[in-house]
Amino acid sequence: MNISRRNFIGRSAAAVATGIVAPSLLNGQKIFASPAAANDKIGVALIGCRGMGWSDLSDFLIHPEIECLALCDIDENVLNSRLAEVEKWKNKKPAAYGDYRKMLERNDIDAVIIGTPDHWHCLQMVDACSAGKDVYVEKPIANSIAECDAMVAAAEKYNRVVQVGQQQRSGDHWHEMKKYINSGKLGKIAQVDVWANFNYANILHAVPDSSAPAGVDFDRWLGPAPLRTFNEKRFHGLWRMFWDYGGGLMTDWGVHLLDMALWGMNVDGMPNRVFASGGNFAYPDNIAETFGDLSVIYEFDDFTIQWNNLAGTETGPYGRNYGLAFKGTNGTLVANREGWEVLPDQNKIESVSVQPDYEDHKKHVAQFIRCMKDRDMHTACPIENGSLCAKYAHLGNISARIKSELVYDDGKKKFNNSSANKFIRPTYRKPWIFPTL
Ligand SMILES: NC(=O)c1ccc[n+]([C@@H]2O[C@H](COP(=O)([O-])OP(=O)(O)OC[C@H]3O[C@@H](n4cnc5c(N)ncnc54)[C@H](O)[C@@H]3O)[C@@H](O)[C@H]2O)c1
């Protein structure tokens, strides 16, 4: 029986709801790489060990059934220190890899965590799916619109359980926020403001190119991105501010926060129009290519979502330097990771204040592990949602880059603008090949 992943998501949700498990749904798909894993250990490997990948793995390792079998990084300094940390924690050293493709050849790895820079996510995720691994992939799922589509297709084609690292989807206070918004108590919501004002994206001073540090395979770090010489200001962590590898605050924080805006407003498709303006106005000497200052309006039939990121000012509306404000006729709901509150308009509704438990990430990882065991494709943030949110972020950046209002047709995979179309799909540097599915 050939059951598509999208159908499977619907059916598995129904099966869960009715308590009926349909084993035939699993026919023909690889369940775990190692036969004992469903009842016993789950073999996990990490690609990209420095920052968020390591945080992700750490929340996997608190589960006794998780066994970290392998780590992969192009920087031996990072790799060796993470290997030592896992060994100290678990009394067992994982295998070390510089080439993730070699690691994926192992049959004992059930799931792969991808914590590399954004320009690598697509190839690594597609390859992991085709090798029969389940995948926990960091956000934004990809550095372009076409890569998002390839990743959705890969999850479907290979029937893999995929969780995107948009952990707010597993946060209780965010679920309560959505419930409150959807109750209608706020009245008619005409506007959702979303903002992120962080300094880290803004103060990049130029330094000369140099040779890569010892132990770094810089060609493999670049991977499908254009060839260039090493520069420390474009490397670990800082790559976010250069278009070949990332999309600035718009894709970094934007994906997390737009996810909550779209979820709250029940949006599952593209906006009618997007228009944006951006630059590096506050810090003109900033060498970042991405926008330190950016404003984007996403237009829908009867409301707008507005994104802002601002350099040099770590303050913001409602005393929060990042967050969302759902503006209804009865009041405004203001939210971020530190909680949410309802600010009534002229006492039309009651004030509400909800605190978080700061357990979003742990719960997100745990939910993925549960889905892997149950072969439940209904993860808290499936690849389809990661794709939606990443596309919104890319639309904002593209509109600002070409200084034009845009309409994107997600069915035809085209903008109403030929200059914008050039940003849909990156040209991969040989020998890397854009995945065809
Ligand atoms: N979910 C969240 O809250 C959250 C928070 C921070 C970062 N992130 C995401 O996590 C990802 C990583 O961000 P970061 O800040 O940790 O970046 P980073 O630069 O600190 O770490 C990336 C690591 O990947 C390694 N790497 C690069 N190319 C590789 C390859 N081909 N094979 C193996 N290793 C490779 C690098 O050497 C480095 O160790 C990004 O996509 C980012 O958006 C998510």
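Guide: A residue is buried under 20% relative accessible area, exposed over 50% and partly exposed in between, with a 1.4 Å probe and protein chains only. The model is predicted, so local features need pLDDT of at least 70 and side-chain atom pairs count only at pLDDT 80 or more, while totals for chains, interfaces and linings use all residues. Residues are numbered from 1 along each chain as its sequence is written, and side-chain values use heavy atoms, with hydrogens and water left out.

Visitor: Is L343 buried, partly exposed or exposed?
Guide: L343 is found in strand β13; helices (H or I, at least four residues) and strands (E, at least two) are DSSP runs, numbered from the N terminus. Leaving aside residues up to four places away in sequence, L343 touches Y318, G331, T332 and V334, where contact means heavy atoms within 4.5 Å. Because its relative accessibility is 31%, L343 counts as partly exposed.

Visitor: Is I305 buried or exposed?
Guide: I305 lies in strand β10, residues 304-309. Among the residues that I305 touches, beyond those up to four places away in sequence, are V192, V194, L258, L262 and F300. With 0% relative accessibility, I305 counts as buried.

Visitor: How far apart are the C-alpha atoms of I305 and P271?
Guide: Along the chain, I305 and P271 are 34 residues apart. Their C-alpha atoms are separated by 9.3 Å.

Visitor: How many of the ten residues of helix α2 are buried?
Guide: Helix α2 spans residues 52-61 and is mostly covered. Its buried residues include W54, L57, F60 and L61, and the cover over them includes β1 (42-47), β2 (66-72), α3 (76-90) and α10 (360-374). The number of buried residues in α2 is eight.

Visitor: What distance separates the centres of domain 1 and domain 2?
Guide: The domain assignment gives domain 1 (5-169 + 362-382) and domain 2 (171-359 + 390-410); such bounds come from an automatic or database domain assignment. Their contact takes 30 residues from domain 1 and 40 residues from domain 2. Taken over C-alpha atoms, the distance between the two centres is 25 Å.

Visitor: What share of the ligand's accessible area does the protein cover?
Guide: A backbone N or O atom of R220 lies 3.4 Å from a nitrogen atom of the ligand. On its own the ligand has 850 Å² of accessible area, by the Shrake-Rupley method with a 1.4 Å probe.

Visitor: Where does P140 lie?
Guide: Most residues other than glycine have a negative phi, and most peptide bonds are trans. The bond from K139 to P140 is cis, with omega near -20 degrees. P140 lies in the loop between β5 and α6 (145-157).

Visitor: Is Q346 buried or exposed?
Guide: Q346 has a phi near 50 degrees, a positive value in a residue other than glycine. Q346 lies in the loop between β13 (339-344) and β14 (352-354). Given 68% relative accessibility, Q346 counts as exposed.

Definitions and conventions
Polar contact = N/O pair within 3.5 Å; in protein donor to acceptor, adjacent residues only side chain to side chain.
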